[in-house]
Amino acid sequence: MQWRSIVVGLVVLRLSLSCVLWLAFGLGPNVSWGFNFPLGFSLHKLDLLFRDEKGIDPKGNSWSQRIHGHIHENAATTCANVGEASTKRSYLSFFDGNKDEYVRRYSSFPDTLKAKMKDMAKDMFYFGYDNYMKYAFPEDELNPIDCKGRGPDVLNPSNININDVLGNYSLTLIDTLDTLLVLGNVTEFHKAVKLVIDTVSFDKDSTVQVFEANIRILGSLISSHILLTDPKHPFGKVGFDDYDNELLHMAHDLAVRLLPAFENTSTGIPYPRVNLKTGVPPDSINETCTAGAGSLLVEFGILSRLIGDSTFEWVARRAVRALWNLRSNETGLLGNVVNIQTGQWVSKQSGLGAGMDSFYEYLLKSYLLFGEKEDYRMFQAAYESIHNHMRRGRESCNEGEGDPPLYVNVNMFSGEIMNTWIDSLQAFFPGLQVLNGDVDNAICLHAFYYAIWKRFGALPERYNWQLQAPDVLFYPLRPELVESTYLLFYFLLCFDTLKDRMESFFLSETCKYLYLLFDEDNPLHKSDNKYIFTTEGHVVPIDKRFREKQWNDLFPCEEGVLAEQEPNKRPPPSNTSNCNRIPEERRYTLPLKSVYMRQIDNMVGLF
């Protein structure tokens, strides 16, 4: 029966993801990847797990008190003191025969297992893709248990969980295009591109979310067009003779249909939804989330620079600036939901997860793509505010005493904790920290999410760090933790019920990052050119043509936008290796000391 195949597929996913996450904790010197893994550490005291200080400031370093209450008194000898005495010794040298449980578990990843995981990732992708094409195409998604296709819920227009995403435009096929190239299947890629060109139209009476249509459809069309026409051919010669820029024309057509969202809004922040045929619905709400309105610049900006029309980049950049100007004067933080007409914050929660995640991501990626200094100045200021007000725990990830670092949801105006949960979307943030060069903080946050995965076998959609339990009990095969694992690894190289829905991001992102993690010979890794992934996982080259505009500067510095970078601020991230940032004595070992890995495991209830 089909449902049994689905169960098998989910089991394979869980096993492969668990193996994937080994990589984030280091590859020992016995692994023949051809690189030196640039991390190593001095020993810290193994019996130091938790230290309690009475009268903890609610904004201070101790968040575990909310879980454990009072613990033990401080010992006379601190971790820092032990570390100072042995700064030049390898961390592994302190363990006779590598007896430490974390060293045994994470210090090697055999080539045979790597090859097996690569094949499992490929099989998992084709299991989903083939069944979508067999049972669901041309509809948007596959219901994997019923083996039927799914489109918009026309009988219930208020079902935005479905209708925001599904637009009756073969979503899964479009969203999957560049994954086929990543897996090396040029023949199927050509077939899929021709199917999209021949069968998909956006002239539909479908009301969709601007954000979802942008990242899933527009982003994939642009990415696939670039890969088809890229003269550098990272995947070999993948163009075909009769291709006449149809995907680019389709992207332009879709973007034009999204433009009404930016009209008749007093702030410049777009409406959340449009009807692809008629524009903004008459009953449209005036509220949108920060990520939904502020994560359009990458796709809209690339489109503008490909076709020489500034309109799309202009409206997307105007929305980002409008949101930025609404940040708190006290903390520098933004809220989660805003009224697009009044500019008043409807939700004052500030965090890194749902509703805000890709806003930060696109500030940095827009800078990397377009080279606009304004984008990086905004990102730098936002990142500083995040660390000043959301981050709890000890100052250093891998040194000292105190609770492990954790980023919590706070009030945007006061910086006070608003609740005790974090969500699975926040697992993207370690990958963004890697792109920004903040590797130590990326390691700690990644380790925290990995510990949650180890306990539950998946990432709960929402996890309560005070109760050490999920608040929302499902896992829709999200890619964020796999994405951060992939970025953390490669950038450092020198539940209870089945849900009858396969979201397009499973094929577009989750399977893609899993496969790339194990495919060291992939053209993306071997190419002399640099690439980034959009927030939906679509491949986009960092190309000088995207740093050139065919129009005069239409975005003069406005009130509220940051001035030039002060001399004492850290420079923007570059594309150079991070290896030279790691001291020699901190190489070739686990990225996070066992004492801190054990501490994090304890914090999520593994011990």
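Begin by selecting Leu477, which lies in the loop between strand 14 (469–472) and helix 18 (480–491); here helices (H or I, at least four residues) and strands (E, at least two) are DSSP runs, numbered from the N terminus. The phi angle of Leu477 is near 65°, a positive value in a residue other than glycine. Most residues other than glycine have a negative phi, and most peptide bonds are trans. Is Leu477 buried or exposed? Leu477 is buried, with a relative accessible area of 13%, where buried means under 20% relative accessible area, exposed over 50%, and partly exposed in between (1.4 Å probe, protein chains only).

This is a predicted model, in which local features need pLDDT of at least 70 and side-chain atom pairs count only at pLDDT 80 or more, while totals for chains, interfaces and linings use all residues. Residues are numbered from 1 along each chain as its sequence is written, and side-chain values use heavy atoms, with hydrogens and water left out.

Next select Gln468, in the loop between strand 13 (462–464) and strand 14. Gln468 is not glycine, yet its phi is positive, near 55°, and with a relative accessible area of 16% Gln468 is buried.

Now move to Phe137 and Pro138, which are joined by a cis peptide bond with omega of about 15°. Pro138 belongs to the loop between helix 5 (111–135) and strand 1 (141–143).

For the next stop, show the largest pocket, whose volume is about 1,100 Å³. Of the 49 residues that line this pocket, Phe211, Glu212, Ala354, Leu425 and Arg478 are the closest to its centre. On a 1 Å grid over the protein atoms alone, a pocket is an open set of points where a 1.4 Å probe fits, with protein on both sides within 12 Å along at least five of seven lines, and lining residues have an atom within 4 Å of a point. Grid points are joined across faces, edges and corners, and the volume is the space filled by probe spheres set on the points.

Finally, select helix 9 (210–229), which gives the largest share of that lining, five residues. Helix 9 is mostly covered, since 19 of its 20 residues are buried. Look also for a kink of about 30° centred on Gly219, where the bend at a residue is the angle between axes fitted to the seven residues ending there and the seven starting there.
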